[in-house]
Amino acid sequence: MTRIPIRRALVSVYDKAGLAELAKALHEAGTEIVSTGSTARTIEQAGIPVTKVEDLTGFPECLDGRVKTLHPRVHAGLLADSMNPDHTRQLLDLGIAPFQLLVSNLYPFEQTVASGADDGEIIEQIDIGGPAMVRAAAKNHGSVAVVTSPAQYGDLLAAIADNGFTLEQRRRLAAQAYAHTAAYDAAVSSWFAASYAPDEIARETGWPDLIAQVWTRSDALRYGENPHQKAAIYKSRSTSGSSRTDAADSGSATDSRGARGVVPPVDSGIANAEVLHGKAMSYNNYVDADSARRAAYDFAEPCVAIIKHSNPCGIAIGTNIAAAHAKALACDPVSAYGGVVAANSAVTDAMAAQIIDGFAEVVIAPDFDPAAIEILAGRWKNIRLLRCAPPPWAASGGDGGSRDRSGSSDFEFRPVTGGMLAQTADRVDAPGDDPANWELKAGEPAGAAALADLAFAWRACRAVKSNAILLAADGASVGVGMGQVNRVDSARLAVARAGNRAAGSVAASDAYFPFADGFEILAEAGVAAVAEPGGSIRDELVIEAARAAGVTLYFTGVRHFYH
């Protein structure tokens, strides 16, 4: 048995989009419709016959709607195996007719949490009957099709015309239904663990005893980091947008308070970027694009970051985005060839004209001027142009300084063998990231221009893999030393890449100098001022070296390792 005609359907939905059209198609196909609450009223208002669930069960809805579908006449109709003669006989004896279709999703729990509702209201939005029906129909997919989202109505309408879903189609619908309830349970359990009922450790540290999230495949990639590795990209899944209730829509779309910032939010990340042009993104493209976007959005001013292998070839700010790109490219044009370019404002035709003088694999920005797309796409048919909204934590206020991220889910996760590490994200917003809080340890106080460059270097250095040294001048990196296992080699690399631009530049170090030797390399190259965290047991040696060289030295008091 493969296709099963849909003679009887149970419909109970929160999102009423497309409901009237769906009910009309079911009715015209001769399907009996059973429904609940406001769903039934909507169907009635469309002039379509409908049986109310209380008329089916002979039992009124009670306890403020908490109990309405939890009844044998509902669940026996969903769970009866049509291929099992004993089930068929029992239904006949009980006077229960089977269902061939369930259209149902779940109460808007995540939206209610995000709206700032109180705990009592949130708890009322924990669906009981909905998950029970969805799981029952999904288990019995051999006999019943289950539809959990208006996005599936097109397939449902086609199945109605084709005399029902095939068994293979019902299996896929069941898989999607269980994914839907899994995401819902993840949201509820995360809210309980992080916000409503945290244990003692969670109350003290902010880390709940459970972190739950469901990921859905967005695309299967050609290969992974290397051609012999398989790869795919997955998106964070939310149940919002396909929720069921017999009350009114609660509105908001995402969950911030529920996980108290621990569950990764469904937001504007790289996985949700819109590809405007070019071939499919690769695994390495995604990794570098994420790093580039992270770096560009550390600044409120127009900023461009050019990234390769997760490290910056150049970062710069400018009076406009084209000027920022020109300065970032000038840092290391050889390494920038074939890199990923990220901008924190719309790509203009002027910036696009500069990009085509070299070569970029990916350009990512919050938007592109039409002329910029024409220039880039006209030059390369395969260049990937990604439009991606600014992240929630994007710098604001015009100075690249502090941001208000109250209530945001600003956490990072990294898998390790047998487990996962979690930490708060480094957004360069600690008190020590404000130059006003820096402590002058040697030399004369930096002038306004030098201090601005130091502030830029300090913020840009956060995007460099440790051990990190970044030299800067005029709001742009001029030499970057990254990923070395000692700070001396990072200093040498930064100076070598800067060449004669090192003289008169300023430098930032993501962590303290354990000895004076790394600092002395910078001083010998003519670096005029340095910002570093301090905190080494040999800080005095570094301070003495700065005094001897006449180099301005600031301690920030905060470290920015990046691995």
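N467 sits in the loop that runs between α17 and β17. Most peptide bonds are trans. The model behind this briefing is predicted. The protein holds 20 helices and 21 strands. Of its 563 residues, 50% count as buried.

**Overall build**

- Taken along the principal axes, the C-alpha atoms fill a box of roughly 100 × 55 × 40 Å.
- Among contacts with a separation of 6 or more, 61% join residues 24 or more positions apart.

**Nonpolar cores**

- The largest nonpolar core has 45 residues. F299, I315, L454, F456 and L470 touch the most other members.
- Helix α17 (residues 448–461) gives this core its largest share, 6 residues.
- Which residues does I315 contact, leaving aside neighbours within four places in sequence? The list is A295, F299, C303, V304, A305, A328, F456, A460, A463, A476 and S477.
- A second core is separate and has 28 residues. L102, Y107, A137 and V188 are among them.

**The parallel sheet**

- An open sheet is built from 5 strands in the order β3-β2-β1-β4-β5, and the pairing is parallel.
- The edges belong to β3 (51–52) and β5 (145–147). Each has a single partner strand, so one side of each lacks a neighbour in the sheet.
- β1 pairs with β4 (residues 101–104) in the parallel sense, over 4 bridges.
- L10 has L102 of β4 as its bridge partner. L102 also belongs to the second core.

**S12 in β1**

- S12 is part of strand β1 (residues 8–12).
- Is S12 buried or exposed? S12 is buried, with a relative accessible area of 0%.
- The S12 side chain makes a polar contact with the side chain of T36, at 2.7 Å.

**Helix α18**

- α18 covers residues 487–498, which is 12 residues. From first C-alpha to last, α18 reaches 16 Å, close to the 16 Å expected at 1.5 Å a residue.
- Buried residues in α18 are R487, V488, S490, A491, A494, V495 and A498.
- Why do the buried residues line one face of α18? Seen down the helix axis, they fall within an arc of 165°, so they line one face.
- An α-helix has 3.6 residues a turn, so residues three or four places apart point the same way.
- At the start of α18, a side-chain oxygen of N486 comes to within 3.1 Å of the backbone nitrogen of V488.
- Just after α18, G499 takes a positive phi of about 60°.

- Most residues other than glycine have a negative phi.
- V428 has a positive phi of about 55° although it is not a glycine. V428 lies in the loop between β15 (419–424) and β16 (439–442).
- V428 is buried, with a relative accessible area of 2%.
- D474 also has a positive phi of about 55°, and D474 is not a glycine. D474 is found in the loop between β17 and β18.
- Is D474 buried or exposed? D474 is exposed, with a relative accessible area of 57%.

Technical notes: Residues numbered from 1 in each chain as written. Predicted model: local features only at pLDDT ≥ 70, side-chain atom pairs only at ≥ 80, totals over all residues. Heavy atoms only, no water. Helix = DSSP H or I, 4+ residues; strand = E, 2+ residues; numbered from the N terminus. Expected span 1.5 Å × (residues − 1). Buried < 20%, exposed > 50% of the residue type's maximum accessible area, 1.4 Å probe, protein only. Arc of directions from axis to C-beta. Polar contact = N/O pair within 3.5 Å; in protein donor to acceptor, adjacent residues only side chain to side chain. Core = buried A, V, L, I, M, F, W, Y, C linked by side-chain atoms within 4.5 Å. Contact = heavy atoms within 4.5 Å. Pairing = 2+ DSSP bridges.
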